[in-house]
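Colleague: I have the sequence and the coordinates open. Can we go through them with a few questions?

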Amino acid sequence: MTPTITATGALAHRLPDGDGDATTYDVTVIGAGVVGTAVARELARYRLRTALIDGSDDIGNGTSKANTAILHTGFDAVPGSLEARLVRDGQRRLAAYAAVTGIPVERVGALLVAWDEEQLAALPALAAKAERNDYHAARIIEAGELRAREPHLGPGALGALEIPDESIICPWTTPLAYATQAVRAGVHLHLNCRVRHIDSGQDVHTLTTTRGPLRTRYLINVAGLYADELDRQLGHDAFTVTPRRGQLIVFDKLARDLVDHILLPVPTAAGKGVLVAPTVFGNVLLGPTAEELDDKTATGSSADGLALLREKGRRILPGLLDEEVTAVYAGLRAATGHEDYRIRAYPDQRYVAVGGIRSTGLTASMAIAAYVTELLAGTGLDLGTPTELPPLVMPQLGEAFPRPYRRAELIAADPAYGTLVCHCERVSAGEIRDALTSTIPARSKDGLRRRTRAGGGRCQGFYCGAAVRALIEEARP
Amino acid sequence: MTRRERTVDVLVVGAGPAGLGAGAELAASGAGHVEILEREQTAGGIPRHCFHGGFGAGRIGGGAIGPVYARQCVAAAVRAGATLRTSVTVTGWAGPRTLDTTGPTGLERITARAVVLATGARERPRSARLVPGTRPPGVYTTGELQQAVHLFRQRIGTRAVVIGNEPVSHAAADTLRVAGLDVIALVTDQPPSPLPAAPVRARHRTPRLTHATVTGLTGRERLTGVSLRHRDGRTTTLPCDTVVFTGDWIPDHELARRGGATLDPGTRGPAYDASYRTLATGVFAVGNLLHGVESAGTAAAEGRAVAASVLRHLAADPWPTGRPALAVDAPLEWIAPNLVALDGSRPLHDRFTLRTGRRLLRPILVVGQDGHVLHRERLLLPAVPNRSFRLRGDWLDRVDPHGGTVRITVH
């Protein structure tokens with residue numbers, strides 16, 4: 001089956017064939033972030049005509065592309081909440097999926113570091129909360145052990161709660177793997193397709209999009225920051241998304257030796273606070289800030305935000321501030337003012353709303369997808385019998401695993417994997433070619449960077465920027 | 001993992017002017033099998049995309065343009081008998097003088113009797129300068145811009161702002177004009193330059209905004225402006241679709257650092273002595289890896305000068321230990337070389353190279369060690385940021401080999 005992926009032109013030409021009403025999808029998933037792609041992948045297991053649509057030119061291009069890239073255990077969730085359940089379930093699902101799909105995951109463990117007596121005193125309660133969340137490996141360690149395990153930690157740390165199973169994961173390969181499997185199994189992916197208006201009829205929703213009308217029997221709203229606006233279009237007033245900006249600083253790979261664990265602050269009333277964490281690409285992350293905004297496009301960084309991060313970072317890991325900065329970015333979490341996910345089915349409307357998926361969305365994505373599919377079945381859609389999707393192996397971006405530039409047999413078979421284009425990240429011409437011709441090809445420098453790391457390193461294009469752009473131009477039809 | 005294992009006498013990493021200079025001189029002086037590795041497909045380093053004159057000559061306006069100079073450097077090294085291999089990337093160390101490489105022909109592990117690092121320097125990108133705002137396309141360093149325009153003939157934009165006011169900034173402005181852009185301003189946080197502008201620059205009346213700090217970038221699909229704060233607190237936004245961050249060089253020190261060649265805190269390049277010896281035994285360093293950007297001619301001269309030291313090392317000269325460090329006090333930023341060799345070796349042209357963080361009018365430089373003054377020298381010209389100035393080296397024999405750090409201060 002040739003995958004259907006469109007990014008331009010009217011949708012009318014690309015609607016599904018099939019029995020009966022040939023111009024209507026069975027299910028349309030609005031929003032191709034990590035949760036939307038996970039839902040599409042789950043639906044791809046059934047004999048449904050499914051569309052996945054997104055307003056931007058790539059999958060995972062909103063909140064999903066700019067997060068802290070942690071695969072959570074859910075130890076600190078609100079016990080008994082939907083989020084706690086889906087994070088716990090999702091962590092297991094995604095860890096298993098990543099292992100077979102080649103999504104880089106490193107189980108580095110987390111340390112919640114107590115910097116004063118009050119924080120130290122809060123650790124037993126956090127350990128007990130972890131137990132209530134069915135997480136039993138948490139353990140309090142003393143200052144001496146903490147110092148031995150993180151020798152570069154700033155002065156004054158009194159102890160920590162250790163969460164040995166917290167892991168780091170590639171945030172970009174994950175939705176790309178979901179979306180790739182989905183479209184290979186027949187889901188139609190329509191990009192640059194923003195929903196302007198929804199008209200809900202007796203049997204069919206008609207979406208007015210920037211690329212023309214789209215008809216669908218069932219609708220799943222996974223629109224992230226815009227989920228509340230779509231929900232209102234369907235007549236509900238269940239939640240309001242208030243974007244919460246998180247700015248982050250990515251430090252050079254030479255800083256990686258400074259830190260071995262995800263270093264979390266002890267949470268306070270003001271939020272989860274600023275963490276220091278390794279990334280699977282071998283960098284070190286410092287962030288995020290937490291700023292309540294009203295602009296859903298305000299993904300810029302600010303001088304105040306960066307100054308705050310540097311101040312916090314200096315306390316946690318003083319040596320970090322001497323290292324070079326590779327990148328600065330900001331993401332917007334879809335906060336709703338509720339302490340839980342807002343996932344709800346409206347059977348009468350053949351509609352499922354998936355709102356308020358915050359920083360745990362990456363971890364919970366596969367569990368949310370399974371839950372949404374269950375809700376969809378409950379609205380009366382006959383899903384039929386699920387099938388197994390053909391397995392998928394994604395390009396390897398993690399530093400802890402052999403990347404193509406280190407694989408003699410791969411280079412012997414195709415010298416393009418030994419020809420490096422992006423020197424900082426050691427990305428080969430072969431990987432760039434593959435990403436430009438893959439099932440869901442990169443269309444921009446940013447898209448290529450998320451698929452290969454090209455241009456994402458310390459020089460930020462000083463050496464390879466022009467060459468990478470030339471390769472993208474060559475690949476354009 | 002299968003790696004082809006080989007040995008050579010001298011392995012030079014990087015085929016810019018410094019590495020090619022080292023390779024040429026070493027091969028010509030009988031150092032044995034001298035191999036130069038270059039990760040780019042074409043050797044020659046940064047001059048490959050510097051389409052302006054002044055290369056290989058001692059005065060402004062003379063000499064070759066960059067690409068011609070790059071080819072001359074390559075030809076000289078090859079003619080001298082050095083083996084030059086392009087598209088070969090050094091990916092790490094497997095031993096004190098053993099390097100792992102990746103290239104289209106496969107993986108190798110090369111052991112050398114001496115390693116010369118000549119990995120050069122790059123401009124700090126916008127992110128490393130912590131310039132806030134959005135992340136639209138249209139943001140360059142000079143290196144990316146020059147390659148885009150001169151090597152790939154890519155379309156850049158229409159209205160540009162250049163951040164910086166040093167030679168490379170003017171080269172960037174020239175490249176932008178060649179590409180058909182209007183250069184609307186050169187922006188610097190420094191005060192107006194006390195030095196007269198070179199005549200060639202006077203033709204272009206690009207406004208220079210001095211004492212101005214970049215506070216942010218705006219735009220989503222494309223850059224729309226550069227926001228500035230002036231010294232008096234006024235803020236403005238310059239509408240433009242292109243911005244080039246120039247200068248602010250950082251040595252490409254990854255390999256040096258991973259190989260145990262401790263960095264000098266000022267230059268951010270490996271600490272080294274006048275014989276180009278780093279703190280890692282058998283590992284030498286030359287060129288802009290040592291000190292951020294000096295001219296290609298200086299890099300090449302350092303490359304040629306390392307040959308004598310490498311030959312001495314190959315003849316079983318012991319690697320020095322316990323070399324006192326040289327350090328500077330603010331407003332000075334760094335000094336190079338920054339280790340005292342103790343064997344009488346002198347820096348290139350018997351001069352140290354220094355930089356200052358702020359303008360100094362006829363400063364007196366004082367060299368001291370453990371409370372003793374070793375040397376005092378008044379500079380005849382002002383010292384300004386982003387331009388090197390020199391300090392005589394004839395006091396080196398007065399350094400106490402067992403003493404503490406030698407400090408250079410400004411009076």
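Colleague: Are H1(A) and H8(A) parallel, perpendicular or oblique to each other?
Modeller: Keep in mind that this is a predicted model. The axes of H1 (residues 34-43) and H8 (residues 361-378) of chain A come within 8 Å and cross at roughly 45 degrees. Angles under 35 degrees count as roughly parallel, and 65 to 115 as roughly perpendicular. H1(A) and H8(A) are therefore oblique.

Colleague: Is the crossing of H1(A) and H8(A) left-handed or right-handed?
Modeller: Two packed helices are described by the angle between their axes and the distance between the axes. Handedness is a further item here. H1(A) passes H8(A) in a crossing that is right-handed.

Colleague: How many residues in the contact of H1(A) with H8(A) are nonpolar?
Modeller: H1(A) brings residues including Val34(A), Val35(A), Ala38(A) and Leu43(A). From H8(A) come, among them, Leu362(A), Met366(A), Ile368(A) and Leu376(A). In this contact three residues are polar and two are charged, and the nonpolar ones number 12.

Colleague: Does the radius of gyration of chain A agree with a compact globule or disagree, and what is the value?
Modeller: Chain A has 12 helices and 23 strands. Its C-alpha trace spans about 70 × 55 × 40 Å along the principal axes. With 477 residues, a compact globule would have a radius of gyration near 23 Å; chain A agrees, with 22 Å.

Colleague: Which are the edge strands of the five-stranded open sheet in chain B?
Modeller: The order in this sheet is E8-E15-E9-E10-E11, with parallel pairing. Inside it, four bridges join E9 (residues 159-163) to E15 (residues 242-245) of chain B. An edge strand pairs on one side only; in this sheet of chain B, that holds for E8 (139-141) and E11 (208-209).

Colleague: Which helix packs on that sheet of chain B?
Modeller: It touches E8 and E15 of chain B. Its direction makes about 95 degrees with that of E8(B). The helix is H3 (residues 142-151) of chain B.

Colleague: Where does the cis peptide bond with omega near -10 degrees sit in chain B?
Modeller: One cis peptide bond joins Ala330(B) and Pro331(B), but its omega is about 10 degrees. Pro337(B) lies in the loop between E19 and E20 (351-356) of chain B. With omega near -10 degrees, the cis bond in question runs from Ala336(B) to Pro337(B).

Colleague: What is the phi of Ser87(B)?
Modeller: Ser87(B) lies in the loop between E3 (83-85) and E4 (89-95) of chain B. Ser87(B) is not a glycine, yet its phi is positive, at about 60 degrees.

Technical notes:
Residues numbered from 1 in each chain as written. Chains lettered and ligands numbered in written order. Predicted model: local features only at pLDDT ≥ 70, side-chain atom pairs only at ≥ 80, totals over all residues. Heavy atoms only, no water. Axes fitted to C-alpha atoms, helices over the stretch in contact; angles between N-to-C directions. Helix = DSSP H or I, 4+ residues; strand = E, 2+ residues; numbered from the N terminus. Parallel < 35°, antiparallel > 145°, perpendicular 65-115°, else oblique. Left-handed = near helix turned anticlockwise from the far one by under 90°. Contact = heavy atoms within 4.5 Å. Nonpolar A, V, L, I, M, F, W, Y, C, P; charged D, E, K, R; others polar. Pairing = 2+ DSSP bridges. Rg over C-alpha atoms; globule rule 2.2 N^0.38 Å.
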